[in-house]
Every structure is written in C-alpha cells, then in structure tokens.
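Dear colleague,

Please find the structure below.

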Amino acid sequence: MTAHPDRRARTHIGVPVTAIETSTYTIPTDTPESDGTLEWDSTTIVVVHARGGDTSGLGYTYSHSSIAALVHDVLEPCVIGRDAMDVETCFVAMMQAVRNLGRQGLAATAISAVDAALWDLKARVLAIPVVALLGGVRPGVTAYGSGGFTSYSADELRQQLEGWIAAGLPAVKMKVGRDPAADPGRVHVAREAIGRDAQLFVDANGAYDRKVALQCASAFDAEGVRWFEEPVSSDDLEGLRAIRNRAPAGMEVAAGEYGYEVQYFRRMAEAGAVDVLQADATRCGGLSGFLRAAAIADAWGMPMSAHTAPSLHAHLGCAVARVRNVEYFYDHARIEQFLFDGALTPEDGMLRPDRSRAGFGLELKRADAERFAV
C-alpha cells in the first residue's frame, strides 16, 4: 500500500502575512446630523494595513476606536504567518477567535476591517484590482445619494438632494422618523427638489412602530417613494414582513445593514421580511462576510444593496450579480475623499472601480489624516 503524504505538509506559504497595523481617525461632521433614532457630530474610521513581503493591503470599518485593541490583541495573532492567498483560512480563524467575546457588534467590525485588508493585500500581490480578483460581472454599479438628515432644514435638504441629481445620480435617500408628523412635508420638499423623474428613497432607521409606518407608507406613496428602508426595527422581522405585505404596490422594503453574520441574513430571508437585502462589508465580516450574505440572496432570489462605504463596496457591487446599487452615503464619501487617494466618486450615476490600480486602489493620505488621528 502506498503511503500518502500529509496534505498539510504540502501546503506552500507563498506570501506570509507579517504584520497587521491599525490607525484610527475621528472626523467631525460639517454640521450636526441625526436620523430617526440617533444624533452624531463625528464619525470614526479604523484603518487596517495587512503586510506581506513588500506589499501592504488596506481595509477599514466605521466603528469605535476600541476595536484597534481587539485587532491587535485577538485578531492579529490569528493571521500572522498565514498565507496571504488564503483569506478564507484567515477569516475562519478570526471568527473562531472571537467566539467567547461575541461575534456580533464590535468584534464583527474589527474582523471586517482585517478581512478587507487581506483581500486588498491578495489583490495587490497579484497586481490586479479587487473586482478582478472576485470576478467582475459589470463594469460599474449604480450609486444613489444618501443623506437628507433629519437635522437639516428644508433649504439644506433641498440643496443636498438637488446637488446629487445635478451630479447625475438617478436616486436619492433621505432620513425620516424623528418627527413622524413632519415627515410627509419633508418628503414633499424632497420630491419638489429632485423632480418627478428621479427616484426617492426614505430611511426610518427603525424609528416607527408598525401602524405609524403603514400610515407613512401611504403618505410617502403620494410622493412616489419607491424604497422604504427599516420602517420598523430590523429586530422586528414580523413587523417588517407586515409592512412589506401591506405597503403600496411598487414600494419596496429594504433592511439588513445591521447584519453581523450570515445567520442574520438567513433569518431575514426566511421570514420574508424584505424585498431588498442590504449588507455592509464594514460590519458583516468584510468581503468574506458579504459574499456569504450574497449566497443567501442568491438562494432566496433577492436583490441586494451595498450599505455605505462606497469606495470599498464599488468592487463588490461590480462582482456580485444580485447587487442592485451602492449607497453613496454623504459622511463616508466625504471621509473617504479626505483620507484616501483613489477614493471613488460617481460618474454618470455609476461607481466604477479603477482597474488600473491594484486592490481597492486606495492609499491612506497619512499627512492629511494625521490631524484626525485618535
């Protein structure tokens, strides 16, 4: 009988990961902002660099500065020495390492940043863009402008939305839910600002209860709203399904941005809770987690939408067949322009990865970033 060598003995480490480095930046908003359930005046981004050989990959998440310690203490030991080509192995190791810490929330955002950096590193080692590494299905993905915060005056709301339409974006999204009685009037202002041809989306961030959400859906329908995001809490799957089933014809219910692991997306799909499944690679485990969410969308035949972080999600949006659009979120687009050389901006309503640049095509502008360092 011929003995077979141990498969592990034949594993070849091509480019070992040698370091994981983090840097954290807090960028003030240009004006105070709010949605239906939260108020804020700054946004924190944690940037991760994964190094292998003479190459460095970049990933990031919008989270709390505390995850930098989690990356250093828990995740870095999981990936150091592993082959940069084996991102899946690294992802599984990180998921196992946070078992007792809780895989959702901050741990998931930390994994997301490291995973994205590893995908970027792998693409840079191969000297190709991430979209090519994933396998592109389209050259560009539709972007929609997102902001319209509840803290805005009518004039501020009108100016922002008009600007996006003038820039060629086919759709805009505004926040609702802070004052349900005032929301129909604000939505009317938005419709007047963008005209009848552009698409208008609203996002309540789970602020309404079921009855108020249904009342608002009827009022919003009169203004041609075709996307109602988180009309009730995403934890209320029965409520989301009820709104979806009773919403006006042509109005889609979307949710999923708070998904941290694949089981969340499976439960949402099984419940028939949404028309459009959202996922955020800066929260759900990076590209590896997003691709798992995409498998759920495939299995249930659902369209997907990529939530915020446009320079990162453009690559996924061009590679995942079911992704319909990418959210060009005001805060994140602004931060990415501040911090990254190569940050993407929409052209003719589309985000198109720069295929002449390896990885995500992003480089941290360290000198510019330093004044925001935590």
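Two strands are said to pair if DSSP finds at least two bridges between them; strands (E, at least two residues) and helices (H or I, at least four) are DSSP runs, numbered from the N terminus. This is a predicted model, in which local features need pLDDT of at least 70 and side-chain atom pairs count only at pLDDT 80 or more, while totals for chains, interfaces and linings use all residues. Residues are numbered from 1 along each chain as its sequence is written, and side-chain values use heavy atoms, with hydrogens and water left out.

I begin with strand β9. In β9, valine 276 is the bridge partner of alanine 254. Strand β8 (residues 252-255) pairs with β9 in the parallel sense over two bridges. Between β8 and β9 the chain passes through helix α9 (residues 262-270), and this β-α-β crossover is right-handed; that is, with the strands pointing away from the viewer, the path from the first strand over the helix to the second runs clockwise.

β9 also runs parallel to strand β10 (residues 304-306), joined to β10 by three bridges. Here glutamine 278 stands opposite serine 305 of β10. A right-handed β-α-β unit is made by β9, helix α10 (residues 286-300) and β10.

Within β9 (residues 276-279), Val276 and Gln278 point one way and Leu277 and Ala279 the other, and all are buried. Buried means under 20% relative accessible area, exposed over 50%, and partly exposed in between (1.4 Å probe, protein chains only).

Helix α12 (residues 330-339) is mostly covered, with seven of its 10 residues buried. Among them are Asp331, His332, Arg334 and Glu336.

Next, the helix packing. Helix α1 (residues 67-79) and helix α3 (residues 106-125) pack with their axes 10 Å apart, at an angle of about 55 degrees. Axes are lines fitted to C-alpha atoms, for helices over the stretch in contact, and angles run from 0 to 180 degrees between N-to-C directions. α1 is therefore oblique to α3, since angles under 35 degrees count as roughly parallel, over 145 as roughly antiparallel, 65 to 115 as roughly perpendicular and the rest as oblique. Residues making the contact (heavy atoms within 4.5 Å) include Ile67, Leu70 and Val71 of α1 and Leu106, Ala107 and Val114 of α3.

Finally, glutamine 199 lies in strand β6 (residues 199-203) and is partly exposed, with a relative accessible area of 41%.

Yours sincerely
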